[in-house]
Amino acid sequence: MYESYYGFREKPFSLLPDPAFLYMSDKHRMALTMLQYGLMNQAGFTVITGEIGSGKTTLIRRLLEEVDDWTTIGLVSNTHRNFGELLQWVLLAFGLEFREKKKVELYATLADFIVKEYSQDRRTVLIIDEAQNLSPEALEELRMLSNVNADKDQVLQLVLVGQPGLRDMLRRPELYQFAQRIAVDYNLRTLNLEETWGYVRHRLRVAGGDQNLFDTRACAAVYYYTRGTPRLINVLCDTALVYGFAEQKNRIDADIVCEVVREKTRGGIFTIRENRAEGEEDERPDRERGAAQMDSKDM
């Protein structure tokens, strides 16, 4: 709708996890580095956690673009409470037949596949997204799967990516042995004010538009209302562009951002800072100071 009006090649704030739009904040760069380190150094278990919408899945997509031809990746991305038989999903991720097989047969099929890959000098990596949905029993089963590894060589590497609840679960006493096998872990935090400003400009630029389309105070308002969560930034900025187009605005200012928030709040859908918990301080003065700081950078 607004793409041609603002000169975009594509939508800058799509909710799809597109690695081409990945903004490398210090936090995201570190998370990607930890993922790369885990693969390169044959870490048995790598765990990456972060809040909902913080960009974890986009990081995985970026990692998948980087793996060499000597690495076989299996991705399980649709975990849920009624997940069912874990081994079936693992075999499906590697393109192996799993139907009408008993559990022992499922394990044997996977083990044979991993050993065959290893014999051809290929590494096998299993990535599980939304891993916070796995039960403690499923996590323990993953630990048992890792026993296929030889004394010195990791023939199977496992990468778990999930929300903070995954970290809480891994602290349970019954998962102590699992936690001991985690060689690499990182918790991805949300963006700060300056990073949010950079994130908005980055996505506008990658989409082919004017990186200064959102003015300084609009970016400060976006940070204030989204707490620096990338997915919420995308929702808010995308809708602000629709409003700006409807009003034939050449730039997006804080008034448009606040108008979007009012309308979304009225609909009861968008979770914003106006819904502060009781006793939480109003950070609008900080927002104003942040806007002044960004003004000084001649945005």
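This is a predicted model: local features need pLDDT of at least 70, side-chain atom pairs count only at pLDDT 80 or more; totals for chains, interfaces and linings use all residues.
Strands here are DSSP runs of E of at least two residues, helices are runs of H or I of at least four, and both are numbered from the N terminus. Two strands count as paired if DSSP finds at least two bridges between them.

Residues are numbered from 1 along each chain as its sequence is written, and side-chain values use heavy atoms, with hydrogens and water left out.

Back to the sheet. β1 (residues 45–50) pairs with β5 in the parallel sense over six bridges, and Ile48 has Tyr186 of β5 as its bridge partner.

Now the helices. Angles run from 0 to 180 degrees between N-to-C directions, with axes fitted to C-alpha atoms, for helices over the stretch in contact; contact means heavy atoms within 4.5 Å.

Which residues of α4 are buried? Leu86, Leu87, Val90 and Leu91, where buried means under 20% relative accessible area, exposed over 50% and partly exposed in between, with a 1.4 Å probe and protein chains only. Seen down the axis of α4, these residues fall within an arc of 130 degrees, so they line one face of the helix. The arc is taken over the directions from the helix axis to the C-beta atoms. Their cover includes β2, α5 (103–119), β3 and α6. After α4 comes Gly95, with a positive phi near 75 degrees.

Last, the aromatics. There are nine aromatic pairs, meaning rings of Phe, Tyr and Trp (its six-membered ring) with centres within 6.5 Å; planes under 30 degrees apart count as stacked, over 60 as edge-to-face and the rest as tilted. For Tyr5 and Tyr6, the centres are 4.8 Å apart and the planes at 80 degrees, so this pair is edge-to-face. Tyr5 is partly exposed at 29% relative accessibility, while Tyr6 is buried at 10%. Ring pairs also join Tyr2, Tyr5, Tyr6, Phe8 and Phe245 into a cluster.
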